[in-house]
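Please open the model in your viewer and keep the sequence panel beside it. The stops below can be selected one after another.

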Amino acid sequence: MTITQFRTSPDTARPTLRDAVTGLPSYVPGRRSAGTDIAALASNESHYEPLPAAAAAVAAAAGTMNRYPDSAAVELRERLASHLGVTAGEVAVGPGSVGVLQQIITGLCDAGDEVIFAWRSFEAYPILVELAGARPVRIPLNHLEGHDLDAMAAAVSERTKVILLCTPNNPTGVPISHKRIDAFLRAVRSDILLVIDEAYVEYAEAGSGPDSLALYREYPNVCILRTFSKAYGLAGLRVGYAVAAPAIAEGLRRTALPFSVSALAQKAAIASLDAGEEMEARVAVVKQERARMSEQLAAQGWKLQPSQGNFLWIRADDGLRARLIEAFDGAGILVRAYQGDGVRITVADAASNDRVLRILEAHAALKTD
């Protein structure tokens, strides 16, 4: 058929999406705030304004927005390498840790391969896996709201390519100890990439979770995944990174969307690393508030697992969850609800946290034991 020939009957066919896309659940972000009286506690963002050094770096770089950023993010990778005690060749960056995770799954998984992760955990995990044509293998959390590593090891098959360990786990806040991950690594094949997702690592108490860099140095199949979105307060700029064996890190850089990390994000991330002490001071306040809230909730009768993130997890059936969300909404507090599981609440400033405590105190009699 040539362009000078025309159809004599209507053509009703239309382009269609892949089945893997039409069947995907939509990622549900935390609800956004509107108004000064709204407490935005649904997305685990830092409630602090950007670190002054990061804001200044963005302002200084704003005049270069007409130019493409360094697609290889060389300066940022070198700064991260120095900060972590690795080489720049072992570092890959992307638009948030979720962007780097997509590079990981794209780079390692063919159609039909398997990715194992705990559930409930980060909601993007099954979406990214299915989008790649791979198969998500969800392993239920144990009774302590943490990873069941024995069940995860038992789920390994010939098609397993990647295992994701989220520590501290989102949304439950439960970490995985160094000893448990070390034993797990000895139990699974060395050709499986073990991704230690540490989006909230800065909020964890020392020794509660793994020394991931030590594990990485001992096991070549370990990959560390981190972000600037949480403790560093750069959620709106989208920059995360992975530390992996040089061949893996190079593959991640190859699968990255060109220019996906803006020049502003790269400059802000470098400035944030240089302002580490200020970030740590802010994190210390969040930890204090987390401990205060946990103590008061325990006194109210709520049974919580100790959280090592900047959030608290309330296990609740759908009846209690609906009652809590209604109460929080009525009080102008945005929290994150998970159907069938519970409610996650970001720890923020003391005044916002006090509002949360009042709501939960009023509903303590309805709690799930």
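**A tour by selection**

Begin with Asn44, which is found in the loop between strand S1 (39-40) and helix H2 (52-61); helices (H or I, at least four residues) and strands (E, at least two) are DSSP runs, numbered from the N terminus. This is a predicted model, in which local features need pLDDT of at least 70 and side-chain atom pairs count only at pLDDT 80 or more, while totals for chains, interfaces and linings use all residues. Residues are numbered from 1 along each chain as its sequence is written, and side-chain values use heavy atoms, with hydrogens and water left out.

Asn44 has a positive phi of about 55° although it is not a glycine. At 0% relative accessibility Asn44 counts as buried, a word that means under 20% relative accessible area, with exposed over 50% and partly exposed in between (1.4 Å probe, protein chains only).

Next select Glu145, in the loop between strand S4 (135-140) and helix H6 (149-154). Its phi is near 70°, a positive value in a residue other than glycine, and at 10% relative accessibility Glu145 counts as buried.

Two peptide bonds come next. The bond from Trp119 to Arg120 is cis, with omega near 20°, and Arg120 is found in the loop between strand S3 (114-119) and helix H5 (124-131). The bond from Asn170 to Pro171 is also cis, with omega near 25°, and Pro171 is found in the loop between strand S5 (160-166) and helix H7 (178-187). Most residues other than glycine have a negative phi, and most peptide bonds are trans.

Now colour strand S2 (residues 91-94), from which Val91 and Val93 point one way and Ala92 and Gly94 the other way, all of them buried. S2 pairs with strand S8 (residues 240-243) in the antiparallel sense over 4 bridges, where two strands pair if DSSP finds at least two bridges between them. The bridge partner of Val91 in S8 is Val243.

For another sheet, select S9, S12 and S11, which in that order form an open sheet of 3 strands with antiparallel pairing. Its edge strands are S9 (311-315) and S11 (336-338), each pairing on one side only. S11 is joined by 3 bridges to strand S12 (residues 342-346), and Arg336 stands opposite Arg344 in S12.

Finally, show Phe228 and the residues around it. Leaving aside neighbours within four places in sequence, Phe228 is in contact (heavy atoms within 4.5 Å) with residues including Leu80, Leu234, Tyr241 and Leu273.
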